[in-house]
Amino acid sequence: MEHFNNFYSSLLTHTNEEAVIDRGQIYTYRELIDRVEFYDLFLKKNNIGKNSLVSVFSNTGVDAISLFLSLCKNKITIVPVSYVSKNKKNEFQTTAAADYEISFVDGKPVLKTLDSKAAKHEYYQAIFERDSSGLVVFSSGSTGKNKAAIHDLNFIFEKVTKKRRKMRIVSFLLFDHLGGINTFLYTLSNGGCLIIPESRSAESVFKNIQDHKANLLPTSPSFINMLLVSGK
């Protein structure tokens, strides 16, 4: 996990700067790192070790991001499921052969052990042998059943190790899509600030752009069309 280690070390160089604005609440890089270390202890306390498969059921938020980074740090494979995908949650977790689910209630982690009977795919073994952490994401299912793709997270972190423009970026794309994950990784790798709106409505997004001086909104063509139709 050389590239993850480089990414994580870079967070320490922005200690007192704004890292995440989560629904109006500001968190510095120091506070983000403290949350990552909290989840390191949570994983250790619950005996969730290297090469486990953990499904994180959450939307993008400071705790979901902190847990994501802690799982990477501990070489645990991640199966993110956003609230938008809640009707598919059990199917996704079964397909991925997840061992555990971690969700959040009132900002506190809730652990659930999953009765996974599916055999672990050989792709997982390849990631384990590289001493890395994996990421499982699912296709939209527009052409049939959702299909799972397994990524080596070290390669994903490799893409964000090259320093680029430092920006204040609105988090709009979903937590369980590569676009949403790339949004927060790019933002943090460059010492920027991730701005998470209260909702994905046009009003909320526009308000957060204005209030928090956002530079960039990674989004979808359909949302841009919705913005145009809204007349706002």
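**View 1. Residues lining the largest pocket of the predicted model.** In this predicted model, the lining of the largest pocket is made up of D22, R23, S58, N59, T60, G61, V62, D63, A64, Y83, F104 and G107. The pocket has a volume of about 210 Å³, and helix α3 (residues 62-73) supplies the largest share of its lining, namely three residues. By residue class, the lining divides into five polar, four nonpolar and three charged residues.

**View 2. The aromatic pair of Y39 and F104.** Among the 14 aromatic pairs that the structure holds, the rings of Y39 and F104 have centres 6.2 Å apart and planes at 80°, and the pair is therefore edge-to-face. This pair links distant parts of the chain, since Y39 lies in helix α2 (residues 29-45) and F104 in strand β5 (residues 100-105), 65 residues apart. Y39 has 0% relative accessibility and counts as buried; F104, which also belongs to the pocket lining, counts as buried at 15% relative accessibility.

**View 3. The aromatic pair of F175 and F184.** With ring centres 6.5 Å apart and planes at 25°, F175 and F184 form a stacked pair. F175 counts as buried at 1% relative accessibility, and F184 counts as buried at 0%.

**View 4. An aromatic cluster.** One aromatic cluster is formed by F4, F7, Y8 and F157.

**View 5. Charged ends over the rings of F57 and F172.** The charged end of K89 sits over the ring of F57, at 4.6 Å from the ring centre, while the charged end of R200 sits over the ring of F172, at 4.3 Å from the centre of that ring.

Technical notes
Residues numbered from 1 in each chain as written. Predicted model: local features only at pLDDT ≥ 70, side-chain atom pairs only at ≥ 80, totals over all residues. Heavy atoms only, no water. 1 Å grid on protein atoms, 1.4 Å probe; cavity = no way out; pocket = protein on both sides within 12 Å on 5 of 7 lines; lining within 4 Å. Points joined across faces, edges and corners; volume = space filled by probe spheres on them. Helix = DSSP H or I, 4+ residues; strand = E, 2+ residues; numbered from the N terminus. Nonpolar A, V, L, I, M, F, W, Y, C, P; charged D, E, K, R; others polar. Phe/Tyr/Trp six-rings, centres within 6.5 Å; stacked < 30°, edge-to-face > 60°. Buried < 20%, exposed > 50% of the residue type's maximum accessible area, 1.4 Å probe, protein only. Lys NZ or Arg CZ within 6 Å of the ring centre and 35° of its normal.
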